[in-house]
Amino acid sequence: MEVQIQCTKLIKPSAPTPPHLRTFKLSPIDQIQYSTKMASLFYYAADSSSTGTDEIERRINCLETSLSETLVRFYPLAGRFIKDGNWVDCNDEGVEFFVAKVKGCRLSEFLIRRDEMIDQLSHFAGGRFTSSITSVQMNLFECGGVVIGVRVSHRLFDAFSAANFLTSWASTATKSRQAGIDDDHEALDWPTFGLTSLLQANDLPEMKRTPVIENDNGVTKRIVFDGAKISALRAISHDPSFPRQPSRVEVVTALIWRARMGVSRAKHGRLRTSLAAHNINLRPRIVPPLPPSSCGNLQSRVTTRFVAADREVEELPELKDLMGLLMDSFTKSKETFVTREDAFPTLLQKRNEIHEVVEKGEVDVYMFTSWCRFPFYEVDFGWGKPVWVSKTHSAFEAATLLDTEDGDGIEAWVTFDKQDMPLFLQDRDILAFTSQ
């Protein structure tokens, strides 16, 4: 498979950003994020009209025009970072837009071989190291299939904000194909920027960078838990003491956590205390509520600790034991609300606590992020919903959970050291409950 860039341009907002919005200050949480541009890829099947030259041109024009319209509302995405990267100059310089042709492979063939080609997915999402905040790449297969790759700086957006942007852009594109672009934006939901002013706080704790475990020797694999296997896992790990049914995310997290414990035990010759740290969207837990489309980084951490010292033997814990610990942590998190004034201090404290654990190196820390139930499979630009949504390889050791195409299962995108990955993939439960 070969991906060839055909053209590159900058897409600017269709109307200039007003002077009073030209300078945008990142929130304290934004400022401690790494500058990586997170990528999401959307795969669209070919249809009877998608190979025609006129239709291809219409689709390219539709994406460009609707993106320009959408940037009026999401104006920081078209700007550039200034002042040590803690401010955005909303100068309407534009979003990078690439058009590429994919040769030597049909989209249907690619999807059959997708797990063999994870290392090549980044070719579908250009702009990884450029100065733009946002980059978009439209990849055209000769068969008529299309892949849309989108990169947005993590210093500006979390996954919730990215989903908000993508669905808004897709809605604008669909309307433009049906009836032409309407310059009246009042009917569309406007995002809210400026978390710093919405969540004013004094006496913030020291800001340390978000703790991540970067590994130049990392390798990424996709393992799939279908809905039936998740139901089976729920059944075998059920305990009468559980106050509720575990969620899909809790089930999959418990199994991956346990498998990682097994790898650690093999490396160290003993069972070590470990921490499962899960990103969660804090927006529903802030009082009074924020505007529904508040953009920025508002992810807190749910941490669950397994203490190996409490065990008399070196056997791995039962899956139901980890499930119980996770359910307790998630339930307490959902029942805990914070005021606007306490939101930033709470987030920074959580991050600092994990940072200290990582620095000491005495506890294994496993990072998890869930994109499940975000409306990525609703991103329809006017030629149908995606047949698959993916991310790309990451240099950070973590597990990212995505919905499967049918919405019942979970794809776990796991990045671990290449020395550890074979042992992880040979774990008994990973083999029994996933497809690889």
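The second largest cavity is lined by W371, F374, F376, Y377, V389, L402 and D403. Here a cavity is a set of points on a 1 Å grid over the protein atoms alone where a 1.4 Å probe fits but cannot get out, and lining residues have an atom within 4 Å of a point. This is a predicted model, in which local features need pLDDT of at least 70 and side-chain atom pairs count only at pLDDT 80 or more, while totals for chains, interfaces and linings use all residues. Residues are numbered from 1 along each chain as its sequence is written, and side-chain values use heavy atoms, with hydrogens and water left out.

**Cavities**

- The second largest cavity has a volume of about 60 Å³, a volume being the space filled by probe spheres set on grid points that are joined across faces, edges and corners.
- Its lining divides into six nonpolar, no polar and one charged residues; Ala, Val, Leu, Ile, Met, Phe, Trp, Tyr, Cys and Pro count as nonpolar, Asp, Glu, Lys and Arg as charged, and the others, Gly among them, as polar.
- The structure holds three cavities of 30 Å³ or more, and the largest cavity has a volume of about 80 Å³.
- Residues lining the largest cavity include M38, V150, F165, W371 and F376.
- The elements β3 (37–44), β8 (146–153) and α4 (159–179) each give two or more residues to the lining of the largest cavity; helices (H or I, at least four residues) and strands (E, at least two) are DSSP runs, numbered from the N terminus.
- By class, the lining of the largest cavity has 10 nonpolar, one polar and no charged residues.

**Nonpolar cores**

- The largest nonpolar core has 67 residues, and Y43, F110, I148, F157 and F381 have the most contacts inside it.
- A nonpolar core is a set of buried Ala, Val, Leu, Ile, Met, Phe, Trp, Tyr and Cys residues joined through side-chain atoms within 4.5 Å, where buried means under 20% relative accessible area (1.4 Å probe, protein chains only).
- Another core, of 42 residues, lies apart from the largest one, and L255, M323, C372 and A399 are among its residues.

**Second largest pocket**

- About 540 Å³ of space lies in the second largest pocket, a pocket being an open set with protein on both sides within 12 Å along at least five of seven lines.
- Of the 23 residues that line the second largest pocket, V249, N279, I280, S370 and C372 are the closest to its centre.
- The largest share of this lining, four residues, comes from β10.
- The lining of the second largest pocket has eight nonpolar, seven polar and eight charged residues.

Methods: Buried < 20%, exposed > 50% of the residue type's maximum accessible area, 1.4 Å probe, protein only.
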